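Here are some exercises to work through with the model open in your viewer. Try each task before you read its solution.

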Amino acid sequence: MRMRRKKNLERRLDQTSALLLGRLFYGGEFNDNKPLCFREIFGNDAPVFLEIGSGKGGFAIQTARDNPDINIIALEKCENVVVTALEQAGSQPNLRFIIGIAEELPRIITSGSISGIWLNFSCPYPKKYQQNRRLTNKRFLRIYNQLLSSDAVVKQKTDNEGFFQYSRESFAENNWDIIRESVDFKSEDENEAVTEYERKFRGEGKPIYRIVAKWGGRD
Ligand SMILES: C[S@@+](CC[C@H](N)C(=O)[O-])C[C@H]1O[C@@H](n2cnc3c(N)ncnc32)[C@H](O)[C@@H]1O
């Protein structure tokens with residue numbers, strides 16, 4: 001049964017891989033460590049934004065459709081959900097996917113080349129021993145700082161108050177300035193696409209917490 005599911009997944013990935021740049025795990029593909037050439041990939045010099053933990057891709061796809069003047073790379077470590085995103089995205093010209101982990105991004109993305117990062121409903125990893133997996137842990141903030149161009153921001157949305165508080169502290173302790181925050185964010189107010197998780201949490205009447213943070217430029 002397990003084998004059949006895997007085979008089916010591989011077939012679906014093969015059929016929809018036009019927008020898939022590759023797999024970014026420890027070792028494996030991209031192992032020549034050559035940085036991605038965005039001009040070659042997208043055929044233009046428009047700014048490139050990154051969504052980390054893009055799940056089934058609804059946010060990245062909608063944002064790409066609504067904003068043809070930007071390019072988007074959506075990164076997600078779980079193949080099973082990326083395949084859904086690839087099937088939904090069709091041949092969206094300003095969107096590409098990577099199956100892989102945020103930890104490895106500096107291997108393939110040139111420093112200072114990203115114009116903004118979205119962290120939408122990242123896993124809160126509530127147990128204390130898991131905190132270095134949270135996507136606002138200092139080891140990830142260091143990576144974002146490296147990838148982002150000056151003045152570019154990280155936008156984080158979550159339904160989890162504990163994760164929101166953790167992120168506020170982590171940004172502040174690591175010299176990021178929180179330039180906007182909300183404890184009842186409405187994506188429609190900022191014309192932002194709604195994610196799959198966001199739709200679910202809103203349906204349950206949960207408030208959405210949101211932070212916009214920018215590197216403060218102090219070491
Ligand atoms: C709770 S889901 C949210 C999905 C989507 N952003 C949404 O809002 O509907 C979080 C996703 O982040 C992915 N993820 C967690 N840690 C990651 C990492 N280090 N690198 C890439 N993806 C990661 C998980 O596999 C999961 O699909």
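The model is predicted, so local features need pLDDT of at least 70 and side-chain atom pairs count only at pLDDT 80 or more, while totals for chains, interfaces and linings use all residues. Residues are numbered from 1 along each chain as its sequence is written, and side-chain values use heavy atoms, with hydrogens and water left out.

**Exercise 1: rings**

Find how many aromatic pairs the structure holds, and work out how phenylalanine 140 and tyrosine 144 are arranged.

Step 1. Start with the criterion: rings of Phe, Tyr and Trp (its six-membered ring) pair if their centres lie within 6.5 Å; planes under 30 degrees apart count as stacked, over 60 as edge-to-face and the rest as tilted. The structure holds eight such pairs.

Step 2. In the pair of phenylalanine 140 and tyrosine 144, the centres are 6.5 Å apart and the planes are 25 degrees from each other, which makes the pair stacked.

Step 3. Now place the two residues. Both belong to helix α5 (residues 138-147), four residues apart, or about one turn of the helix. Helices (H or I, at least four residues) and strands (E, at least two) are DSSP runs, numbered from the N terminus.

Step 4. Check the burial, where buried means under 20% relative accessible area, exposed over 50% and partly exposed in between (1.4 Å probe, protein chains only). Phenylalanine 140 is buried because its relative accessible area is 1%, and tyrosine 144 is buried because its value is 0%.

Step 5. Phe49, Phe59 and Trp118 make up one aromatic cluster. Arginine 134 lies over the face of tyrosine 166, at 4.5 Å from the ring centre; the criterion here is NZ of Lys or CZ of Arg within 6 Å of the ring centre and within 35 degrees of the ring normal.

**Exercise 2: strand β5**

Describe how β5 pairs with β2 and with β6, and say how many of the residues of β5 are buried.

Step 1. Two strands pair if DSSP finds at least two bridges between them. β2 and β5 run parallel, with four bridges, and glutamate 51 faces tryptophan 118 in β5.

Step 2. β5 and β6 are also paired in the parallel sense, over six bridges. Here isoleucine 117 stands opposite valine 154 in β6.

Step 3. Six of the seven residues of β5 are buried, leaving the strand mostly covered. Valine 154 is buried too, because its relative accessible area is 0%.

**Exercise 3: pockets**

Give the volume of the largest pocket and of the second largest pocket, and describe what lines each of them.

Step 1. Set up the search: on a 1 Å grid over the protein atoms alone, a pocket is an open set of points where a 1.4 Å probe fits, with protein on both sides within 12 Å along at least five of seven lines, and lining residues have an atom within 4 Å of a point. A volume is the space filled by probe spheres set on the points, which are joined across faces, edges and corners.

Step 2. The largest pocket has about 720 Å³ of space. Among its 33 lining residues, Gly53, Glu76, Phe121, Ser122 and Cys123 are the closest to the centre. Two or more residues each come from β2 (48-52), β3 (71-76), α5 and α7 (196-203), and α7 has the largest share, with three.

Step 3. Sort this lining by type: Ala, Val, Leu, Ile, Met, Phe, Trp, Tyr, Cys and Pro count as nonpolar, Asp, Glu, Lys and Arg as charged, and the others, Gly among them, as polar.

Step 4. Of its 16 lining residues, Thr63, Asn67, Trp118, Lys155 and Glu192 are closest to the centre. β5 gives the most to this lining, with four residues, and the lining divides into seven nonpolar, five polar and four charged.

**Exercise 4: positive phi**

Locate tyrosine 125 and asparagine 175, and decide whether each is buried or partly exposed.

Step 1. Most residues other than glycine have a negative phi. Tyrosine 125 has a positive phi, near 40 degrees, and sits in the loop between β5 and α5. Tyrosine 125 counts as buried because its relative accessibility is 15%.

Step 2. Asparagine 175 has a positive phi as well, near 70 degrees, in the loop between α6 (161-173) and β7 (176-182). Asparagine 175 is partly exposed because its relative accessible area is 21%.
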